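Subject: Structure for your files

Hello,

Here is the structure I said I would pass on.

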Amino acid sequence: MKIAVMPGDGIGKEVTEQAVRVLRAVMGAHAAMELVEAPVGQAGVDAAGDPLPVQTREIADKADAILFGSAGVPGDEAIEYMMRPGASLLRLRKQLDLFANFRPAVMFQDLIGASTLKPEVVQGLDLMILRELTGDIYFGEPRGVHRNAKGEREGINTMRYNESEIRRIGHVAFQTARLRRHKVCSVDKANVLDTMQLWREVMTEVSREYPDVELTHLFVDAAAMQLMRDPRQFDVIVTGNIFGDILSDAAAMLTGSIGMLPSASMSYGKKGLYEPVHGTAPDIAGKDVANPLASILSMAMMLRYSFGLQEKADQVEVAVRKVLAQGLRTADIAQPGMRRVGTQEMGEAVLRAL
Ligand code: IPM
Ligand code: MG
């Protein structure tokens with residue numbers, strides 16, 4: 001098992017450290033496992049003058065899986081786009097063709113009171129947001145800020161998808177639904193955007209190969225509303241890069257905190273990049289208050305998706321449930337009467353539960 005560890009910036013460092021501790025513990029001292037740490041984001045700039053240094057790219061290429069923290073620093077907008085620390089993650093996704101981003105939103109029973117939604121709305125919630133990750137307005141050309149004919153500054157980004165990009169994420173969606181509750185909801189904006197009209201057409205075409213899976217369509221505004229109104233109607237939500245970015249943050253809050261949400265980004269094989277959905281959170285970085293559970297759960301997804309170690313992944317997830325049941329809470333999931341712990345203590349508690 002060759003694992004590249006890229007803690008990156010902000011709380012990425014603290015939470016990844018806890019995930020690695022738990023990983024070592026669940027695998028045991030004799031596991032054939034090699035961890036190689038590589039700098040990324042501002043850490044990459046500091047080490048090698050590039051947010052995604054050549055060496056880091058090589059390590060990523062050779063690895064079976066990447067455990068990623070988060071990358072980015074506030075105020076990097078002045079830097080040329082591809083050299084921004086935050087863009088290193090996007091470059092890595094593109095380089096490794098990690099087009100399928102799995103973002104499960106699962107309600108942990110013990111956190112039901114931490115959700116801002118009523119318990120009866122989120123009770124037993126288990127949905128999967130499948131976000132296309134290498135296309136769309138994130139990567140479409142042309143892009144940039146220039147002066148137009150009137151001498152005025154003008155910004156441009158381009159929403160672009162070709163048929164094959166839509167088709168491949170469509171197949172992943174239907175195959176994922178087959179392992180779950182056989183329902184796919186495709187989210188687009190086909191009423192306004194041509195790109196999204198194509199999205200809807202191709203999804204409908206792909207669905208013919210999966211007659212056992214029910215396909216529905218929602219416009220993204222309606223999908224946002226339905227996520228808040230009745231999230232349990234969803235099984236797999238498949239959507240483009242930008243809508244998936246937005247909807248997955250919203251879905252995170254259904255479960256109480258974005259500090260709980262793991263993700264896996266996959267290409268065609270078993271190689272994947274695993275990262276918490278939360279990002280760098282610079283306001284709380286270095287204070288030992290960040291929630292390491294999303295990172296720990298991302299590591300569990302790695303064991304499951306890249307290495308097929310279902311039992312070990314289960315063990316990690318059970319350990320997380322246990323510490324929640326014990327009443328341990330980081331600040332983001334604080335509840336009255338529960339014990340407040342920091343990042344390290346939360347990691348230690350998971351280790352003990354394991
Ligand atoms: C995410 C993040 C990233 C994204 C940022 C940090 C570039 O918000 O993974 O959801 O927009 O994809
Ligand atoms: Mg996001």
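Below are the overall figures, followed by some individual residues.

Please bear in mind that this is a predicted model.

Overall

The protein contains 12 helices and 14 strands. Its radius of gyration is 20 Å, close to the 20 Å that the globule rule gives for 354 residues, so the protein is as compact as a globular protein of that length. The C-alpha trace spans about 60 × 50 × 40 Å along the principal axes.

Of the 354 residues, 53% count as buried. The protein exposes about 15200 Å², and carbon and sulfur atoms supply 52% of that area. If contacts between residues at least 6 apart in sequence are considered, 73% of them join residues at least 24 apart. There are 40 positive and 45 negative charges, and their mean positions are 2 Å apart.

Lys 183

Lys 183 belongs to strand β8, which covers residues 183-188. Its relative accessibility is 29%, so Lys 183 counts as partly exposed. Leaving out residues up to four places away in sequence, Lys 183 touches Ala 177, Val 213, Glu 214, Gln 233, Asp 235 and Val 236. With Gln 233 there is also a polar pairing: a polar atom of the Lys 183 side chain lies 2.8 Å from the backbone oxygen of Gln 233. Val 238 is 55 residues from Lys 183 in sequence, yet the two C-alpha atoms are 10 Å apart in space.

Thr 239

Strand β10, residues 236-239, includes Thr 239. Is Thr 239 buried or exposed? At 0% relative accessibility, Thr 239 counts as buried.

Arg 91

Helix α4 runs over residues 87-95 and contains Arg 91. Apart from its neighbours within four places in sequence, Arg 91 is in contact with Asp 50, Pro 51, Leu 52, Arg 57, Met 82 and Met 83.

Backbone points to check by eye

Most residues other than glycine have a negative phi, and most peptide bonds are trans. The following residues are listed with that in mind.

- Asp 97 is not a glycine, and its phi is positive, near 55°. Asp 97 sits in the loop between α4 and β4 (100-106). With a relative accessible area of 25%, Asp 97 is partly exposed.
- Asp 288 is likewise not a glycine and has a positive phi of about 60°. The loop between β12 (272-274) and α10 (293-305) holds Asp 288. Asp 288 is partly exposed, at a relative accessible area of 32%.
- The peptide bond from Glu 141 to Pro 142 is cis, with omega near 0°. Pro 142 is in the loop between β5 (126-132) and β6 (144-147).

Regards

How values were computed: Residues numbered from 1 in each chain as written. Chains lettered and ligands numbered in written order. Predicted model: local features only at pLDDT ≥ 70, side-chain atom pairs only at ≥ 80, totals over all residues. Heavy atoms only, no water. Helix = DSSP H or I, 4+ residues; strand = E, 2+ residues; numbered from the N terminus. Rg over C-alpha atoms; globule rule 2.2 N^0.38 Å. Buried < 20%, exposed > 50% of the residue type's maximum accessible area, 1.4 Å probe, protein only. Contact = heavy atoms within 4.5 Å. Areas by Shrake-Rupley, 256 points an atom, 1.4 Å probe, with all protein chains shown as cover. Lys, Arg positive; Asp, Glu negative; His and termini not counted. Charge placed at Lys NZ, Arg CZ, Asp CG, Glu CD. Polar contact = N/O pair within 3.5 Å; in protein donor to acceptor, adjacent residues only side chain to side chain.
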